[in-house]
Amino acid sequence: MLTTDSFFGGAPEANASAPGRVNLLGEHTDYNDGFMLPVATPQRTTVALARSGDGHFHFYSSTLDAHVTFAPDSSAPQGFGSYIEGCIRLVEAEGVQVPPLRVWVSTDVPVGSGLSSSAALEVATLRALRQLLAFELDDVKLARIAQRAEIEYARVNCGIMDQMASSLADEGHMLFIDARSLEHRLAPLPADAEIIVVDSGVARKLAGSKYNERRAECEEASRKLGVQALRDVTDPQRVEGLPEPLRRRARHVVTEDLRVLEALEGVSAERFGQLMNASHTSLRDDYEVSIPELDELCELLRAQDGVYGARLTGAGFGGACVALCRAGSAARAAEAALAQYNKKDGRQGRILIPVPAERKENNESV
């Protein structure tokens, strides 16, 4: 495995980082012009840059111990390099001259767990480019370029939430996002509460999942209802005349938007937990993006003392669950739930947030 010194032949010229995100409410609403409430993760992705001395781009991921090299008139192969190249090409499209670069990536945002390691990579790359080349780029436009990089180069037709959260959120507040207007503001977490995030151990591969299929179903439902996007439907009864599965897909989005708006008003931790439970039920039954492992893990978390509610977080089809807990209860609740969950052969569930002490000490960068 390469070291930064050997990769750069000295110190890099720029260095920036960005967090992953955990979404508390508002799943699959962003590409429906809706609302969401993510928070930033303590885990971050770091990108270091330096000008290349040989006229080629060189990307190295210490997570994968993988090295990508290509000429300026060529393209990176599909993989982690696609996200980085997308950011570079879109910055060039803004009129910024980007020289061939050496790019080093390290991260402790878990890959495939639904914490948006891809958005963290994109935002960190754009921040490092902004630092190296000293061009103007505000944090909202940065998020929009990051989203385009994922859509156009990594070929995932994602919404804007992950990139907005990585660019604008912090660990101590929820970030309310309106995907249509890109209005955003920080909001407090419920009083005397904390979150836990537990990985199911089932990796989620977003590009190969049914994510794009769900998006197409929502667009078809919008056309049949005569609205620009499902966020324009505020009465869940309006979707009941749609054919299946469009009725259930639309019902999830409409009710999920309503849950976000209620939570934003400042509900109690108990009520917020109820909204999370309802969100998971809707994702499981109406949107059909959960899997048995996520359902079981949520049930085990809810059974623990001090847990107000739990739901899958991220696009689904694997990944992690997030739970809202009474302050001081999170780690114990997660450990108790995992002790039962991991009894089945082959399961490797683990706590992601709060970061266990031994992982903090070891600084598990990848």
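## The span 83–168

Over residues 83–168 the chain is 58% helix and 8% strand, with the end C-alpha atoms 19 Å apart; helices (H or I, at least four residues) and strands (E, at least two) are DSSP runs, numbered from the N terminus. UniProt, in an unreviewed entry, places the feature "domain: GHMP kinase N-terminal" at residues 83–168. UniProt positions follow the numbering used here, feature names are shortened, and annotations may be inferred rather than shown by experiment.

The model is predicted: local features need pLDDT of at least 70 and side-chain atom pairs count only at pLDDT 80 or more, while totals for chains, interfaces and linings use all residues. Residues are numbered from 1 along each chain as its sequence is written, and side-chain values use heavy atoms, with hydrogens and water left out.

## Helices α3 and α4

α3 (117–133) packs against helix α4 (residues 139–152) at an angle of about 125 degrees, and their axes are 9 Å apart. Axes are lines fitted to C-alpha atoms, for helices over the stretch in contact, and angles run from 0 to 180 degrees between N-to-C directions. α3 and α4 are therefore oblique to each other; angles under 35 degrees count as roughly parallel, over 145 as roughly antiparallel, 65 to 115 as roughly perpendicular and the rest as oblique. The crossing of α3 and α4 is right-handed. A crossing is left-handed if the near helix is turned anticlockwise from the far one by less than a right angle, and right-handed if clockwise.

On the α3 side the contact (heavy atoms within 4.5 Å) is made by Ser118, Ala119, Glu122, Val123, Leu126, Arg127 and Arg130, and on the α4 side by Asp139, Leu142, Ile145, Ala146 and Glu150. By class, the contact of α3 with α4 has 6 nonpolar, 1 polar and 5 charged residues. Here Ala, Val, Leu, Ile, Met, Phe, Trp, Tyr, Cys and Pro count as nonpolar, Asp, Glu, Lys and Arg as charged, and the others, Gly among them, as polar. Ser116, in the loop between β5 (101–107) and α3, has a positive phi near 60 degrees, in a residue other than glycine.

## The N-terminal annotation and a hairpin

The annotation "domain: Galactokinase N-terminal", from an unreviewed UniProt entry, covers residues 7–51. That span is 4% helix and 64% strand, and its end C-alpha atoms are 12 Å apart.

Strand β3 (residues 57–61) pairs with strand β4 (residues 66–70) in the antiparallel sense over 5 bridges; two strands pair if DSSP finds at least two bridges between them. Phe59 has Val68 in β4 as its bridge partner. β3 and β4 form a hairpin with 4 residues between them, and Asp65 in the turn has a positive phi of about 50 degrees.

Glu244 and Pro245 are joined by a cis peptide bond, with omega about 0 degrees.

The two helices, α6 and α7, pack at an angle of about 95 degrees, with their axes 9 Å apart. That angle makes α6 roughly perpendicular to α7. Arg214, Glu217, Cys218, Glu220, Ala221 and Lys224 in α6 meet Leu246, Arg249, Ala250 and Val253 in α7. This contact of α6 with α7 has 5 nonpolar, no polar and 5 charged residues.

An unreviewed UniProt entry gives "domain: GHMP kinase C-terminal" for residues 263–342. The span is 52% helix and 18% strand, and its end C-alpha atoms lie 32 Å apart.

Helix α8 (residues 269–285) packs with helix α9 (residues 292–302) at an angle of about 165 degrees, their axes 11 Å apart. That makes α8 roughly antiparallel to α9. The crossing of α8 past α9 is left-handed. Asn277, His280 and Arg284 of α8 make the contact with Leu294, Asp295, Cys298 and Arg302 of α9. The contact of α8 with α9 comprises 2 nonpolar, 2 polar and 3 charged residues.

## A sheet of four strands

An open sheet of 4 strands has the order β9-β10-β8-β11, with antiparallel pairing. β9 (307–313) and β11 (350–353) stand at the edges with a single partner strand each, so one side of each is left without a neighbour in the sheet. The twist averages 30 degrees from one strand to the next. β9 is joined to strand β10 (residues 320–326) by 6 bridges, and Ala310 stands opposite Ala323 in β10.

Helix α10 (residues 330–341) lies across β8 (193–199), β9, β10 and β11, running at about 30 degrees to β8.
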